[in-house]
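Colleague: I would like to learn how to read a model such as this one, taking one feature at a time. Could you give me the general idea first and then the case at hand?

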Amino acid sequence: MTIVLWIIIGALAGWIASMIMGKNAQMGAIANIASGIIGALLVAFLASLIPGVELSVGKGNWFVTLIAAIVGACLLIWIVSKIKGRSRV
């Protein structure tokens with residue numbers, strides 16, 4: 001069940017992040033899911049570096065996980081767009 005929940009939260013977070021970052025027309029469903037899941041993992045990793053902060057899906061805090069995934073996906077989309085921008089020069 002957790003994997004299905006990660007995919008649903010990842011898809012929703014990636015889609016919202018792509019709209020926030022203005023990349024919705026350039027990203028497909030798989031890219032939305034991937035950016036949402038990777039973004040959530042990125043924010044969870046960064047949050048784990050702060051003492052006393054814990055993010056997890058299994059404890060019923062899906063809304064906090066969704067917000068973290070959106071923030072992480074926005075960060076990931078921004079990083080990828082900066083890397084792609086440099087490679088064109």
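Modeller: Let us start with burial: a residue is called buried under 20% relative accessible area, exposed over 50%, and partly exposed in between, with a 1.4 Å probe and protein chains only. What you see is a predicted model, in which local features need pLDDT of at least 70 and side-chain atom pairs count only at pLDDT 80 or more, while totals for chains, interfaces and linings use all residues. Residues are numbered from 1 along each chain as its sequence is written, and side-chain values use heavy atoms, with hydrogens and water left out.

Colleague: Is Ser18 buried or exposed, then, and why?

Modeller: Ser18 has 0% relative accessibility and therefore counts as buried. Its place is in helix α1, where helices (H or I, at least four residues) and strands (E, at least two) are DSSP runs numbered from the N terminus.

Colleague: Where is Asn32 found, and what does it touch?

Modeller: Asn32 is found in helix α2, and it counts as buried because its relative accessibility is 7%. Not counting residues up to four places away in sequence, Asn32 touches Gly10, Ala11, Gly14, Trp15, Ser18 and Met27.

Colleague: How should I read the packing of α1 with α2, and what is the angle?

Modeller: Two packed helices are described by the angle between their axes and the distance between the axes. Axes are lines fitted to C-alpha atoms, for helices over the stretch in contact, and angles run from 0 to 180 degrees between N-to-C directions. Helix α1 (residues 2–20) and helix α2 (residues 29–48) pack at about 100°, with axes 6 Å apart. That angle makes α1 roughly perpendicular to α2, the classes being roughly parallel under 35 degrees, roughly antiparallel over 145, roughly perpendicular from 65 to 115, and oblique for the rest.

Colleague: Which residues meet there?

Modeller: From α1 they include Trp6, Ile7, Ala13 and Ser18, and from α2 they include Asn32, Gly36 and Leu41.

Colleague: How many helices and strands does the chain have?

Modeller: The chain has 3 helices and 0 strands, running α-α-α from the N terminus on, and buried residues make up 27% of its 89 residues. Among contacts between residues at least 6 apart in sequence, 69% join residues at least 24 apart.

Note on methods:
Contact = heavy atoms within 4.5 Å.
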